[in-house]
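Here is my note on the helix packing in this model. Please read it with the structure open.

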Amino acid sequence: MKTKVKALLAATATATLAATVYAPAVAADVPELRVGWTIPAEESKYLMMKRPELFPDLGKKYTIKWTQFQGTSPMVQAMRADVLDCATMAPMSMAQGYIESGLKPYIVAQHAAEEPGSFSVYWAVKEDSPIKSAQDLKGKVIGTNAYGSGVYYHMLLWLKENGLDPEKDVKIVETGFPPSADAIRSGRVDAGPMVPPFTVLNEEKGGLRPLFKLLDVQNPNVQIFEGCSQAYTDANPEVVKAYVKDLQNAMAKLKENPALAAEVTSEITRAPAAVFSKYLLTPKDFHREPNMKPNIDAIQETFDLYHEAGFLKESLDIKEFVRDDIIAPVK
């Protein structure tokens, strides 16, 4: 167990702007799409990277330059700097990019969401902890994956909804996802966030229990989606359509063969495929739309919640980020 955890920690910790992967060499007149990716929950991209031969249009109608990042915020910055054409985004990172720097993407596909019957990011406490409710957290230390992330802001919403002032009533510290369980067990934090695959490993180990989850705040909610530059898309609609169609095809293949999802994720992370097989594309995983259609209403609700809470300076209209002929499902 310790070996598996160390492998997962190492894989996740190295998910930085550290890897650029190119599609097979093609004729110079085939357009290139510059795509950002990260870990976890982007299995469609992993399949396209590791099994490009399964996608006839890839390398013929277009090619991809893949670049790895450590999260959605750096990718939003890279897109604003015209380093990327498409990238993984979260509602908050996209909204902040638009408000602060004028970034204008189209939302084209959905990678992961939370709905009833699927996994929802949750905060755990020790099994024998006296903390049973939000009020029990007063004066306590709460961990988060990263300041400024969507998970972080939804946690703040939960605290506010339960009558706690995030600045005065609790202390919030960054733990990251991989070390969160150890931070709880060691007493560094009283409650910390849990996501797959660390949930699977730590639930097997025992000693922790859930306190609250993000679905308690917003149901359903979208974790991450694919965004493509409006300028690039408007100039190259057929390229982006081909890309979105391949993302859809990748998800369809993975839904049919979950073992393949574990296999390519293992190749990307260098962690054991057996670990991923325990949760990927099961109810222990985030919700995955078979055709990758984005839940536009849920993303709009997130924008509204963040604006009402003062996290966003402006209100956003989701219609400004949708182009009907590009958004999944594309035929």
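1. Helix H9 covers residues 237-256, 20 residues in total. At 1.5 Å a residue it should span 28 Å, and its end C-alpha atoms lie 29 Å apart, so the two values agree. The expected span is 1.5 Å times one less than the number of residues. Helices are DSSP runs (H or I, at least four residues), numbered from the N terminus.

2. On provenance: this is a predicted model, where local features need pLDDT of at least 70, side-chain atom pairs count only at pLDDT 80 or more, and totals for chains, interfaces and linings use all residues. Residues are numbered from 1 along each chain as its sequence is written, and side-chain values use heavy atoms, with hydrogens and water left out.

3. Buried means under 20% relative accessible area (1.4 Å probe, protein chains only), exposed over 50%, and partly exposed in between.

4. Look at Gln-248, which sits in H9. Gln-248 counts as buried because its relative accessibility is 9%. Leaving out residues up to four places away in sequence, Gln-248 touches Pro-290, Asn-291, Met-292, Ala-328, Pro-329 and Val-330. Contact means heavy atoms within 4.5 Å.

5. How do H9 and H10 cross? Their axes come within 5 Å, at roughly 115°. That makes H9 roughly perpendicular to H10. Leu-254, Lys-255 and Glu-256 of H9 meet Pro-258, Leu-260 and Ala-261 of H10. By class, four of these residues are nonpolar, none polar and two charged. Axes are lines fitted to C-alpha atoms, for helices over the stretch in contact, with angles from 0 to 180 degrees between N-to-C directions. Under 35 degrees counts as roughly parallel, over 145 as roughly antiparallel, 65 to 115 as roughly perpendicular, and the rest as oblique. Nonpolar covers Ala, Val, Leu, Ile, Met, Phe, Trp, Tyr, Cys and Pro; charged covers Asp, Glu, Lys and Arg; the others, Gly among them, are polar.

6. H10 (residues 258-269) also packs against H2 (residues 43-50), with axes within 9 Å and a crossing of roughly 75°. H2 and H10 are therefore roughly perpendicular. On the H2 side the contact uses Glu-43, Tyr-46, Leu-47, Met-49 and Lys-50. Their partners in H10 are Leu-260, Val-264, Thr-265, Glu-267 and Ile-268. The classes are six nonpolar, one polar and three charged.

7. Is H2 enclosed or open? Seven of its eight residues are buried, so H2 is largely enclosed by the rest of the structure. Among the buried ones are Glu-43 and Lys-45.

Terms used:
Helices (H or I, at least four residues) and strands (E, at least two) are DSSP runs, numbered from the N terminus.
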